[in-house]
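Here is a short briefing on one structure. Look through the sequence and the model before reading the points below.

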Amino acid sequence: MGRRNRRLLVPEASEAMQTLKANVMRQEGYTVDENRPDDVKYEVAGELGIRMNRGDNGQMKTEDAGHVGGRIGGPMIREMIRMAQEKLAKRQP
């Protein structure tokens with residue numbers, strides 16, 4: 001099953017997630033267009049030597065897609081965990 005139907009549980013969080021992605025990937029050293037933060041995946045793919053086209057990438061191996069997504073999602077998850085830990089630490093007496 002493709003991920004085209006992927007939706008956020010809270011649709012209103014979409015803009016914040018795009019901002020987070022842009023900020024995290026910028027910290028990782030990538031060039032990020034504020035208006036198109038998803039485009040960073042092409043830069044990541046190129047860096048990994050993975051051919052990725054704009055539009056349909058049906059020929060792309062699952063393993064390659066995982067490598068690209070992992071380079072983006074991994075740092076995002078680490079940052080979300082860091083933010084949650086920071087928030088929890090502020091609540092501690």
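Buried means under 20% relative accessible area, exposed means over 50%, and partly exposed lies in between (1.4 Å probe, protein chains only). By that scale Asp39 is partly exposed, because its relative accessibility is 22%. This is a predicted model: local features need pLDDT of at least 70, side-chain atom pairs count only at pLDDT 80 or more, and totals for chains, interfaces and linings use all residues. Residues are numbered from 1 along each chain as its sequence is written, and side-chain values use heavy atoms, with hydrogens and water left out.

- A salt bridge is a side-chain nitrogen of Lys or Arg within 4 Å of a carboxyl oxygen of Asp or Glu.
- The whole structure holds eight salt bridges.
- Asp39 pairs with Arg36, with 2.7 Å between the closest N and O atoms.
- Arg36 counts as partly exposed because its relative accessibility is 46%.
- Asp39 also forms a salt bridge with Arg54, where the closest N and O atoms are 3.3 Å apart.
- Asp39 sits in the loop between α1 (14-27) and α2, and Arg54 in the loop between α2 and α3, so this pair ties together parts that are 15 residues apart in sequence.
- Helices here are DSSP runs (H or I, at least four residues), numbered from the N terminus.
- Arg54 counts as exposed, because its relative accessibility is 54%.

- Glu86 and Arg82 form a salt bridge, the closest N and O atoms being 2.8 Å apart.
- Both residues lie in helix α3, four residues apart, about one turn of the helix.
- Glu86 is partly exposed at 39% relative accessible area, and Arg82 is partly exposed at 37%.
- A network of salt bridges links Glu79, Arg82, Glu86 and Lys90.

**Asn57 in its loop**

- Asn57 lies in the loop between α2 (40-48) and α3.
- Asn57 counts as buried because its relative accessibility is 17%.
- Its side chain reaches the backbone oxygen of Asn53 at 2.6 Å.
- A polar atom of the Asn57 side chain lies 3.4 Å from the backbone oxygen of Gly55.
- Leaving aside neighbours within four places in sequence, Asn57 is in contact (heavy atoms within 4.5 Å) with Arg51 and Met52.

**Met80 in helix α3**

- Met80 is placed in helix α3 (residues 62-91).
- Met80 counts as partly exposed, because its relative accessibility is 30%.

Definitions and conventions: Helix = DSSP H or I, 4+ residues; strand = E, 2+ residues; numbered from the N terminus. Polar contact = N/O pair within 3.5 Å; in protein donor to acceptor, adjacent residues only side chain to side chain.
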